[in-house]
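Open the model in a viewer and keep a selection panel at hand. The stops below go from one selection to the next.

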Amino acid sequence: VRVDPSPVPVPDVRPTRLTEEDTARLQDRTRVHQARRHHRRWQLLWLLAGPGILAMLGENDGPSMIAYASDGAQYGLKFFLPLLPLLFVMAFICQEMCMRVGAVTHRGFGVLVLQRYGRVWGWFGAGDLVLTNLVTLVAEFVSIRIGLAYFHLGSGVAVALGLALVTFTLSGGRYWRWERIVLGLALFNGLFLIAAILVRPHLGAAASPAAFGPVPHGSLSTLLLLLASTVGATVTPWMIFFQQSASADKGMTTRDIRHGRYDTALGAGLAAVFGAGALVAGAALLPRGGSVISGFAGGGFPQALGQVAGHAAGAVFALGLIEAGAVAVLTISASTAYAAGECAGVSRSFNTSPRQSIVFYAANVGAALLASAVIVIPGAPLLSIALNANVLATVLLPVSLVFLFMLANDAELMGPWVNKRPANAISIIVIAFVGLSGAAYGIGSFLQTTHLIGS
Amino acid sequence: MAPDDHDPGWPGLALGNGLALEHGQLVAETARPVPRTTLTARARTGLWLLRVVVVLVSLMVVWTFIQQLR
């Protein structure tokens, strides 16, 4: 006789009536309940996977892939290839906390900071998010434009494609539908791995001990920019807001934390492999010293890759940029919408209709619309925007990370799921590393620009 | 009540001997604010210090970005 593995006592308190959002979530949770009850492990993983993979692959976005490819083009595989897995371990540590806090409290990051620590900190956090999201969204449309430029399509198509995707995914009124569509798109992030294979890297040379130099040569400013943007390519404020809110919207509970960890780890693993693909593909341009990147505004990167490694490599890389930008437009717009709804104290769920959650849906479309308007400006410095979007995210990230750390350590809120001591020790190192990376670039480049120090 | 034939209007959420939706997940519950916590003076100072540093470095990044465009 099979018995439910972990029966939960029925609570005394009963609500008067379920809302439309409750009903939709109940349907999803019923399937999870049945899968758990009948010990269908793979089905359970399938049902509970989503927020972690989306956060990680969403962050393998246009600017991130540009940052990885730029690292490869300017410095080769040295330093950055071994660094990449470490950065995604760091991302896993941060995102696991988001998932756990969301599953325990059933609330998003923005609303928890606002209610637990006061309006000032809540609005500061929301301000950071809106700023970095808008800049990053511009960069996402830039990457779509760069990808499309390879196929001789202009910025109008990029805008139309991005906005059409946002509108289409929002049309279902269900979290599950939105999540599955975006997950399906996100798997095409693997195009960067195909691009890496197509450039035929010399893996023997790359794997030799001599290939892994400690710190690459080049100007300090450029190195710090690439380091800060690479750190910003793995963890950003929107990921924190997104994964916690999405975990709550999906209906995850404390019983799902183990699967939430699998989901986040799988996302981190896939993102690291695909990110390494972009790095290896970019390294094919190393013999040219990365000089081709200056032509980026006109779609120079895929074009240059096409010249060096063949048309197929260029085309796949261009398609990858379109996918990376499109998925990130969806996830970053969603994180903006969650934060807007949470700060305004109104309904914020994909399990509602636009009529019920007008702020949520308006913020979702509005953020994408605003960002898309910027890329049609002629002569915009596209590569600079793409790289600096990640740098700005890195600089602003420590505040969000500190609040996440405080929430995960809040025993009153988290109960037995509070952070353990080893997790705290690692989290402190991560926060310090992120803070120093951003500050080093910000202060260093400022001093150089003002000629207070040499390059 | 079987898991598949739930009634949206039914007030309880028990399915078999487990739950499909926890009480704390309901919209009516999540709409209730969590109690505010009191930060120690040291924590408040630390947070403000971090906030000021972050704003200053952000301004430096934006300024450098604008200068590099020229």
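Predicted model: local features only at pLDDT ≥ 70, side-chain atom pairs only at ≥ 80, totals over all residues.

Select A:Val157, which counts as partly exposed at 36% relative accessibility; buried means under 20% relative accessible area, exposed over 50%, and partly exposed in between, with a 1.4 Å probe and protein chains only. A:Val157 sits in helix H8 of chain A; helices (H or I, at least four residues) and strands (E, at least two) are DSSP runs numbered from the N terminus.

Residues are numbered from 1 along each chain as its sequence is written, chains are lettered from A and ligands numbered from 1 in the order in which they are written, and side-chain values use heavy atoms, with hydrogens and water left out.

Stay in helix H8 and pick A:Ser155. A:Ser155 is buried, with a relative accessible area of 18%. Leaving aside residues up to four places away in sequence, A:Ser155 touches A:Arg145, A:Ile375 and A:Val376, a contact being heavy atoms within 4.5 Å.

Next, go to A:His152, in the loop between H7 and H8 of chain A. A:His152 is exposed, at 72% relative accessible area, and has a positive phi of about 60 degrees although it is not a glycine. Most residues other than glycine have a negative phi. A:His106 also has a positive phi, near 60 degrees. A:His106 is in the loop between helix H5 (80–105) and helix H6 (109–117) of chain A, and is buried at 11%.

Now select helix H17, residues 358–375 of chain A. How far apart are the end C-alpha atoms of helix H17? They are 26 Å apart, which agrees with the 26 Å that its 18 residues should span at 1.5 Å a residue; the expected span is 1.5 Å times one less than the number of residues. Among the buried residues of H17(A) are A:Phe360, A:Tyr361, A:Asn364 and A:Ile375. Their cover includes helix H7 (119–150), helix H8 (155–170) and helix H16 (311–344) of chain A.

A:Phe360 and A:Tyr361 also belong to a cluster linked by ring pairs, together with A:Tyr175, A:Trp178, A:Trp238, A:Phe242, A:Tyr338 and A:Phe350. Rings of Phe, Tyr and Trp (its six-membered ring) pair if their centres lie within 6.5 Å; planes under 30 degrees apart count as stacked, over 60 as edge-to-face and the rest as tilted.

The structure holds 20 aromatic pairs over all chains. One of them to display is A:Trp121 with A:Phe403, a tilted pair at 5.6 Å centre to centre and 50 degrees between the planes. A:Trp121 is in helix H7 and A:Phe403 in helix H18 (residues 382–408) of chain A, 282 residues apart. A:Trp121 is buried at 6% relative accessibility, and A:Phe403 is buried at 3%. Then show A:Phe192 and A:Phe317, an edge-to-face pair at 5.3 Å and 90 degrees. A:Phe192 lies in helix H10 (residues 191–198) and A:Phe317 in helix H16 of chain A, so the pair ties together parts 125 residues apart in sequence.

Turn to charges: there are 14 salt bridges over all chains, each a side-chain nitrogen of Lys or Arg within 4 Å of a carboxyl oxygen of Asp or Glu. Select A:Glu412 and A:Arg116, whose closest N and O atoms are 3.1 Å apart in a salt bridge. A:Glu412 lies in helix H19 (residues 411–414) and A:Arg116 in helix H6 of chain A, so the pair ties together parts 296 residues apart in sequence. A:Glu412 is exposed at 61%, whereas A:Arg116 is buried at 1%. In helix H5, A:Glu96 and A:Arg100 are four residues apart, about one helical turn; their salt bridge has its closest N and O atoms 2.9 Å apart.

Finally, show the whole of chain A: 20 helices and zero strands, with 62% of its 455 residues buried.
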